[in-house]
Amino acid sequence: MSLEPQAGRTPAILKKSTWIDLGIRISAILMALLFTSLVLVVAKAQPLEAYKNILIGAFGTPIKITTVLASWVPLVIATSGLLFTFTAGLWNIGMEGQITFGAIFTIGAFRLLDHTSLAPNMVTILAILAGALGGILWALLPGLMKIFGGVNEIFGGLGLNFVAKTVAIWLIFGPWKRPGVASSSGTEWIDPKFRLPFIEGTNISLTTLIVAIILVIFVAVMLKGTHFGLKLKAIGKNDKAAYILGIPTTRYFLLAFGLCGLFAGITGAILVTSKQYSLIPDAGAGYGFLGLLVAMLVNYHPIWSPFIAFFFAALGIGNVELQYMGLNTYLSGVLQGFLVLFVLMADGVRKRLVKKH
Amino acid sequence: MKILSGFYQAESGEILLDDKAVKISSPEDAVELGIGMLHQDPLDFPPMKVIDNFLLGRPGGLFPNKKEVEKEIIRLSKEFDFQIKPDTFVETLTVGERQQLEILRLLWLGVKVLILDEPTTGISANQKEKLFTTLVKLASQGLTVIFVSHKLEEVEGLCNHVAVLRQGKLVGEVEPPYDTDRFVNMMFGKSIEVGSKTSSKQSVCSLKLENIGLEDYRLRMRDINLELNCGEVIGLAGMEGSGQRLFLRMLTGLMRPVNGKILIDGKDFAGKSYATFKKAGIAYLPAARLEEGLITGLTLTEHFILSEEHRELFVDQKSAMDLTEQRIREFYIKGTPVSRIEQLSGGNQQRALLALLRNKLSLILLEHPTRGLDIESAIWIWSKMKERCKEGTSIVFTSSDLDEIIQYSDRILVFFGGLVSKPIDANTTTVEELGQLIGGKGW
C-alpha cells in the first residue's frame, strides 16, 4: 500500500444505493396497500371504495381536516419524543404509560389549583407543566431500571405501562371518583375555563398546534444540529465506543429518557386539556404505540415525522367513514401495521443488498 | 478457511473433497461433509453446560439421548487426556479448555477435516503442548488438520506441509525441512530491518504505580510497582490473556484496582472514573477497533467532532470539515470527510483512530496497535507515536509480536498468568530471554 494520500471519492455505488433505497421504500408502501386490499377482498369489500371512503372521511369537509390535525398534534409530539430514545438506541415501549402519567399529573394539578385565585390561563399552563413533569418522572424509571438494575428497557417499559394504567383506574374509581358514583368513563370534567379553546368553527386548538410545530422543530434542530444530538447518535450506534471516546453514556441514556418523557407528558396534558377533559382509563389513547410505529417508519429522520404522522392521523380519522360501508373501523390499524412490517422488511432487504455490494 | 467451513461463499472456483466437487453454503453443510472449524474465539455457549453444547450442534432429535452422549464425552475426553466433564458450565472453563471442548465436539460430529484458526493465542504453554499432541495424534489417525498461525516456530514444529498466504494471495508452498528466513521472506516480501532506535526518555516521573492489585474472574495480580518516565515507551509482552489487558485497562480507569495507588503527578487516581483519567491526558486505543474504538455508521467528520471537547450547543460543520480534511491529509487516511468509518480499510481505520487522539496527552495506551496491518502501515504508525514521545508523551502498549516489542520499547514488562516481571531493558534483552519468560520459565 502506498503512503501517498489519495483523495478518496464517494464511490458511485453509494449514489446508486440512494435510488435503490427509495425504490425499496416505495415498493414497501405498495406491498402494504396490496396486502390490505387482500384483507378487504376477504372481507368482501371493494378495496378502492374503502380507500376512497377513508379519504372522504379524513378530508371530505374542512372540519374533518381540522379533526385530523387535532389528532396529528398528540401523535407528532409523541413521535418527536420517541426520536430521542430511538436515536440513543433505546426502545421506549413505555411511552403509553408515560403519556398516561402526564395526564394523571395534569388532572392532579387541576384538582390542586381548582379553587386558587390564579388566572385560569395560569392554572392551565401550570397543569401542562405538571403533566410534563409526570411524563419525565415515569420515563426516568425504565432508564434507571436499565442502568442500575440491568432490566432491558423494553420489559421495564412494558411493565410500567400496566402499572400506569392501573394507577389511572385506581384514581378514577378511588380517590378521584366522581361525586356520587364512580364511573369507568373517567373523573369529573375540568372546568370549561381551563380548557384550551378551539379555533372558531373547528375541532382544533391553535395553542396545541403551535406547541406541536415548535416541538417538531426543536427535535429536528437538537438531533441534526447540536453536539448533544451527535453524541446521542453515537451512543445509539455503539455505546461502548462512545464511552471510550469520552461520552458519559449513562447520563445521556437518562437524558434521552427524560426528554422523551417530557414529550410524553406534554402529549398527555394536551389530550386532557383539549380532548378528554378528564382522566380516563385509556388516557394514552394509543398515541404512545402509534408514535412508536411512526418513529420506526421515519427511521431517525425528524424531517419526515410530521408528514408520516399526518398520514397516520388521517388514516385514523378517515376510518370512521368505513362504518357506513359496513366495515370495521380497525382497517386503518391493518394498513398501519402492514406499512410498518413491510418498511422494516424492506430495510432488511436493503441492508442485505448493500452488503453484497 | 471461512469459505471451507461455510461461513462465506466463494465467488468463483470450486472445492474438491475426495476429488468430488462440493458446494458448501452454510456451516451446517460443512459439518455434514466432515469439515469442522475451531475459531480463534470459541463459538460456544458459555452459560450452558458442556453436554448441552454438544447436543446443540447435532441435527435432529426432539429428545436427545443424554446418557449416551455423556458417555461419549467422557470416553473422548479420556482418549485425549482432557479434563472435560459433561455437566460443568462452559463459562467456568479456560479458553484452552473451551478449545478442547470444541475439538471433542467436532470429532464427535465426525469431522475428517479440522481447521484451527490461531489456536495458540489465548492458551497456556501446557495447554498448547497438549493441543499439539492431540493434533499429531489426530493426523496419524487419518484426519486432515489445517493449522492457521503466524507463529513460525509452531508451524515448523507441527506441520507436514505449509502454504504461505500474503494479502489474499497464495505466495508459495513449502515442504520440510523448513528454513525460517525463507518463511519471513515469503511472508513479508523482504526481511525486516530493525531501524535505529531513538529513545526520548526523560527523567521526570509522570506516573507511578504502588502495590497495585488487580483481579478478574480468571486472574489475580498482586503488588505491581512501576515508575513511568515521560516520553518513555513500555511494551507489555506475554501470551494473550496473561494480564496485559487488565493492566492496560487499569491505567485507563476502566478497571479498578483492588488495592494499591495509581499516582499521577502525585495524586492518587485509584478508583477514579474513566472520564477523570481522560481529563488527566490519558488516552486509550482499544484493539477491537470497530467494537470499542470507532462507531460504525458515523462519518469521519462526526468522529472528529465527537473526539474534541465542545462547550457550544451547535455543531460548527464548517470548522469540523476543515479539521477533518486537515487530519485526513496529515494521517494519510484514504477516505473523505463524509466516508462512514466502516467503508475504510483496517489500516485506514487504525490511522483514523490515531488521528482522533487529542493534541496534548501525557500517556497513550495502545492495545495491539499494528495487529492486522501491513508492515509499512505499522512502521508509519510507530513513527507517528515516536513523534508524540518527543513531546513528552509516554506510551504503554501490548503486542503479541515480540519483534515489535523489542524494537519500539524502552522497557518491557513480561506477563505470565497474572505475574508481572521487573521492567527489562529493551536494549539488552533478546527474543530468547523474553520467550522463556513468556513461556513461564525463569520466574
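Modeller: One term before the strands: two strands count as paired if DSSP finds at least two bridges between them. Also, this is a predicted model.

Colleague: Fine. In which sense do S3(B) and S4(B) pair, and over how many bridges?

Modeller: S3(B) and S4(B), the latter covering residues 113-117, are parallel, with four bridges. Within that pairing, Leu38(B) sits opposite Leu116(B) of S4(B).

Colleague: What is the strand order of the sheet?

Modeller: The order is S3-S4-S5 in chain B, an open sheet of three strands with parallel pairing. S3 (35-38) and S5 (144-148) of chain B are the edge strands, each pairing on one side only. From one strand to the next the twist averages 15 degrees.

Colleague: Which helix lies across S3 and S4 of chain B?

Modeller: Helix H4 of chain B, residues 95-108, does, and its angle to S3(B) is about 175 degrees.

Colleague: Changing topic: what are the domains of chain B?

Modeller: The domain assignment gives domain 1 as 15-160 and domain 2 as 205-438. Their centres, taken over C-alpha atoms, are 35 Å apart.

Colleague: Now H13(B). How many of its residues are buried?

Modeller: Nine of the 10 residues in H13(B), which spans 346-355, are buried, so the helix is largely enclosed by the rest of the structure. Among them are Gly347(B), Arg351(B) and Leu354(B).

Colleague: And what covers the buried residues of H13(B)?

Modeller: The cover includes strand S13 (282-285) and helices H10 (289-293), H11 (300-307), H12 (317-330) and H14 (375-390), of chain B.

Terms used
Residues are numbered from 1 along each chain as its sequence is written. Chains are lettered from A and ligands numbered from 1 in the order in which they are written. This is a predicted model: local features need pLDDT of at least 70, side-chain atom pairs count only at pLDDT 80 or more; totals for chains, interfaces and linings use all residues. Helices (H or I, at least four residues) and strands (E, at least two) are DSSP runs, numbered from the N terminus. Axes are lines fitted to C-alpha atoms, for helices over the stretch in contact, and angles run from 0 to 180 degrees between N-to-C directions. Two residues are in contact if their C-beta atoms, placed from the backbone, lie within 7 Å. Domain bounds come from an automatic or database domain assignment. A residue is buried if 20 or more other C-beta atoms lie within 10 Å of its own, exposed if 12 or fewer, and partly exposed in between; C-beta atoms are placed from the backbone.
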